Amino acid sequence: MALRAAVRNKSALSALLSQLSPCSSHGRVCVTQMRNNSTSPKIKVDFDQSAGVAVMRLQSPPVNSLSLDFLTELCINLEKLEMDKSCRGLIITSSQPKVFSAGLDIMEMYGKSPESCGEFWRAVQEMWLKLYSSNMITIAAINGSSPAGGCLMSLTCDYRIMADNPRYSIGLNETQLGIVAPFWFKDTMVNTVGHRTTELALELGLLYNSSEALKIGLVDKLVPEDQVLTTATQTMTKWLAIPDHARQITKSMMRKPTIDKLTSNREADIQNFVSFITKDSIQKSLRVYLEMLKKRKG
Ligand code: CO8
């Protein structure tokens with residue numbers, strides 16, 4: 001609970017971060033030797049101080065679903081990196097085989113109280129706000145499937161490199177679950193691939209394989225799976241050559257209207273989410289979808 005409260009409160013967060021003692025070896029600083037009360041870290045961050053680049057590995061089995069604990073840990077790590085002015089670039093990738101992130105943890109939205117749903121949604125907003133407004137150069141090294149919230153996380157980055165594997169899919173498939181992508185999910189996709197492509201994608205809940213994703217501009221580059229991270233590192237070097245202040249002001253100019261829209265509607269967006277997701281009909285859709293996931297496995 002202290003971690004979650006800290007994400008919502010800047011001074012509490014600073015105090016918490018100052019208690020974390022980074023371990024350093026060979027110029028690399030591991031900032032994730034922290035634990036919340038329950039489990040081992042769901043995120044591992046390696047910061048190469050000489051390069052000014054951090055690699056964040058999502059490592060929450062089985063599918064890096066975005067639970068409240070996961071999001072809380074993610075936000076704390078992002079805040080810490082953001083506050084470290086020597087960190088200019090961030091690469092996000094997955095340690096799980098075949099999956100970048102399965103998106104929001106459906107169990108956080110199913111059978112939960114309105115209060116829990118509200119707390120969860122605030123954390124989803126926080127993740128998006130932190131990533132979409134980051135001063136760092138952010139690159140998604142997408143080495144597996146990335147549906148829904150996983151796709152959203154990728155879309156917040158400045159550049160997306162995906163493994164060239166027809167079995168991996170990416171997209172905002174919310175309607176397939178009987179739920180609706182919120183306006184800021186939609187805006188993020190429109191900003192990336194344009195209005196018409198987003199309209200089709202969202203209405204049909206389309207998941208694209210890697211070649212299709214490249215074709216519509218949902219990702220920027222495809223490479224063989226074993227080259228995703230090295231390509232992300234090479235791409236980062238190119239981006240690092242641009243003066244930070246010019247790139248940051250440009251990024252802010254492009255993204256600020258979208259960010260302001262959520263910032264000024266945050267509480268209403270939480271209320272909307274809670275009243276939508278706790279409806280009986282929506283809970284039923286989620287149950288059917290969960291059963292489908294289990295059956296597909298069997
Ligand atoms: N949440 C919770 N559990 C999940 C999720 C998830 N998103 N995805 C998978 N799991 C579970 C499975 O049920 C399974 O559980 P178990 O082992 O107990 O049976 C386990 O994780 C492993 O899953 P798979 O066997 O399916 O793993 P695969 O490697 O075969 O496939 C995939 C990985 C492709 C990621 C696949 O699991 C999948 O398609 N998952 C569903 C992804 C999805 O549809 N996510 C949408 C979440 S909703 C969202 O992100 C935005 C919501 C916005 C809400 C707006 C409302 C207003």
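Is Lys44 buried, exposed or partly exposed? Select Lys44: with a relative accessibility of 31%, this residue counts as partly exposed. The scale runs like this: buried is under 20% relative accessible area, exposed is over 50%, and partly exposed lies in between (1.4 Å probe, protein chains only).

**Before you go on**

This is a predicted model, where local features need pLDDT of at least 70 and side-chain atom pairs count only at pLDDT 80 or more, while totals for chains, interfaces and linings use all residues. Residues are numbered from 1 along each chain as its sequence is written, and side-chain values use heavy atoms, with hydrogens and water left out.

A salt bridge here is a side-chain nitrogen of Lys or Arg within 4 Å of a carboxyl oxygen of Asp or Glu. Asp46 is buried, at 17% relative accessibility.

Asp46 sits in strand β3 (residues 43-48) and Arg57 in strand β4 (residues 53-58), so the pair ties together parts eleven residues apart in sequence. Strands (E, at least two residues) and helices (H or I, at least four) are DSSP runs, numbered from the N terminus. Arg57 is partly exposed, at 24% relative accessible area.

**Stop two: Glu267 and Arg122**

Select Glu267 and Arg122. They form a salt bridge, and their closest N and O atoms are 3.0 Å apart. This pair links distant parts of the chain. Glu267 is in helix α11 (residues 266-277), Arg122 is in helix α4 (residues 114-132), and 145 residues separate them. Glu267 is partly exposed at 45%. Arg122 is also partly exposed, at 24%.

Next, select Glu79, Glu126, Lys130 and Arg266. Salt bridges with shared partners join these four into one network. Across the whole structure, a search finds 17 salt bridges.

**Stop three: Glu174**

Which side chain of opposite charge is nearest to Glu174? Select Lys186: it is that side chain, 13 Å away. Lys and Arg count as positive, Asp and Glu as negative; His and the chain ends are not counted. Glu174 is buried yet has no salt bridge.

Glu174 lies in the loop between β9 (169-171) and α6 (183-193). Show its contacts (heavy atoms within 4.5 Å). Leaving out residues up to four places away in sequence, Glu174 touches Ala148, Gly149, Ile179, Val180, Ala181 and Phe185.
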